[in-house]
Amino acid sequence: MQKLVIQGGRHLEGEIIVQGAKNSALPIAAASLLCDGEIWLENCPRLSDVYAACRILTNLGCRCRMQEHTVTVDAHGMDSSEIPEQFMCEMRSSIIFLGAVLGRMGTCTLGYPGGCELGPRPINLHLQALRRMGVKIHEENGILHCTTPNGLHGARIHLQFPSVGATENILLAAVTAKGETTISNAAREPEIIDLARFLRACGAQIAGEGTGTIVIRGVKQLHGCTYRIMPDRIVAATWLAAAAAAGGELSLRCVSASDLESILAVFEEMNCRMSASADSICFHAAAPLRAVRTLKTMPYPGFPTDAQAILMAALCCAAGTTVIEETIFENRFRHVDALVKMGADIRTAGRVAVINGVRSLHGAAVEATDLRGGAAMLIAGLCAAGETIITEIHHIDRGYDSPEQVLRSVGAEIIRV
Ligand code: UD1
């Protein structure tokens, strides 16, 4: 079992090139199976979730390989429409393959995704939307059998909630469906824009991505292309939070500052200074850090749920009291116990956490509870006095490409054992 061992208290100084976005690479990898012709995806992060997506593609009969940071997909030989249950358990977001497999094969059989470490992850909005597009769904013993007796057709779909996963599944099903699909109250996350751009580079007709209304006109066929995955805004936020907590000056490159607006606003309120250009951010940590107004997680462009644990870790030693409200997931405070073990003063009640800033944290042995919760422990360990040992780091490896190497390159004392 691997673990990360951190000697805290070192300032971070230097430059980090931000990795490609997991939440963009995964749906785009799924979208690749819709294309007639080879797909080259550049800037793919080397993550266990990306490897899992490659295994799903291979299992469906596609040729998929990863070299350095480029994934190539050739879906010519795709001959299966079944996603075995082990893949659904391995990666919750394998549900985004549903729309793509239906678009390509007209049928799809897959395990019902259960709950996960963040609480229940329902897919009712995905299924309701696909039904409107002509999909018949029969559920038996937790397995979904999806068919399209009369083919996929366009539809007007209003999402009750701007679900990222549902918007992706509808896009993937709609690009080669017959006729026009309109999604209203669509998710506006930058990763949705990246998926739409990729699909357009393959010949899809899509308009309105990044707004609440996306219109897709189905085309007969998509072709291959070479596409560069966007930078990961949550990983960028993680490195900034690490610098805020541990102190120092960081320069992030290959980052899209405009996608990070709601997060940068919080760092500013914490008293950190920064200057951003289109693809770089220079960041100076504040001393002392200040607590901020209530943080409430919201769909984009609001403050992202994925940055909640990360900012909480940075706020543990900020002067004053911060209240965080988690509105997206029921169970997203599992990292709190570890932060408290490290000396933080945090109380939770339901979906609200109250953080009273303390003078310092101390190292401890902690277990990563989930991907971003694990990242929060990493941040706390970097600013804590003494040694922090994080186990269950497979959660962290789902979303961070060689985090110990990145952090060592800017002065942190951290090793993987
Ligand atoms: C969510 C986040 C996304 C993040 C990802 C991984 C939002 C809006 N989405 O995406 O930014 O990267 O987790 O942490 O912040 N829901 C339903 N029925 C559905 C689908 C969703 O009720 O069919 C509810 C969920 O229970 C949850 C909310 O909608 O409360 C968020 O859903 P969604 O955006 O679909 O989740 P992900 O796609 O996993």
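**Strands, a sheet and an aromatic pair**

Tutor: Strand β1 (residues 4-7) and strand β23 (residues 387-391) pair in the antiparallel sense, over four bridges. The model is predicted: local features need pLDDT of at least 70, side-chain atom pairs count only at pLDDT 80 or more, and totals for chains, interfaces and linings use all residues. Residues are numbered from 1 along each chain as its sequence is written, and side-chain values use heavy atoms, without hydrogens and water.

Student: What makes β1 and β23 a pair?

Tutor: Strands pair if DSSP finds at least two bridges between them. β1 and β23 have four bridges, so they pair by that definition. In β23, T388 stands opposite I6. Strands themselves are DSSP runs (E, at least two residues), as helices are (H or I, at least four), numbered from the N terminus.

Student: Why are β22 and β24 called edge strands?

Tutor: The open sheet has four strands in the order β22-β23-β1-β24, with mixed pairing. β22 (365-367) and β24 (413-416) each pair on one side only. From one strand to the next, the twist averages 20 degrees. Axes here are lines fitted to C-alpha atoms, for helices over the stretch in contact, and angles run from 0 to 180 degrees between N-to-C directions.

Student: How do you know that β9 pairs with β7?

Tutor: Five bridges join β7 (residues 107-111) to β9, and the two run antiparallel. C108 stands opposite C146 of β9. Five bridges also join β8 (residues 136-140) to β9, again antiparallel. There, E139 has L144 as its bridge partner. The β8-β9 hairpin has two residues between the strands, and N141 takes a positive phi near 50 degrees.

Student: Which residues make up the two faces of β9?

Tutor: L144 and C146 form the covered face of β9 (residues 143-147), and I143, H145 and T147 the uncovered one. In a regular strand the side chains alternate between the two faces of the sheet.

Student: Why is the pair of F267 and F283 called edge-to-face?

Tutor: Rings of Phe, Tyr and Trp (its six-membered ring) pair if their centres lie within 6.5 Å; planes under 30 degrees apart count as stacked, over 60 as edge-to-face and the rest as tilted. The structure holds three aromatic pairs. F267 and F283 lie 5.3 Å apart, centre to centre, with 80 degrees between the planes, so they are an edge-to-face pair. This pair links distant parts of the chain: F267 is in helix α9 (residues 261-269), F283 in strand β17 (residues 280-284), 16 residues apart.

Student: Why do F267 and F283 count as buried?

Tutor: Buried means under 20% relative accessible area, exposed over 50%, partly exposed in between (1.4 Å probe, protein chains only). F267 has 0% relative accessibility, so F267 is buried. F283 has 1%, so F283 is buried too.
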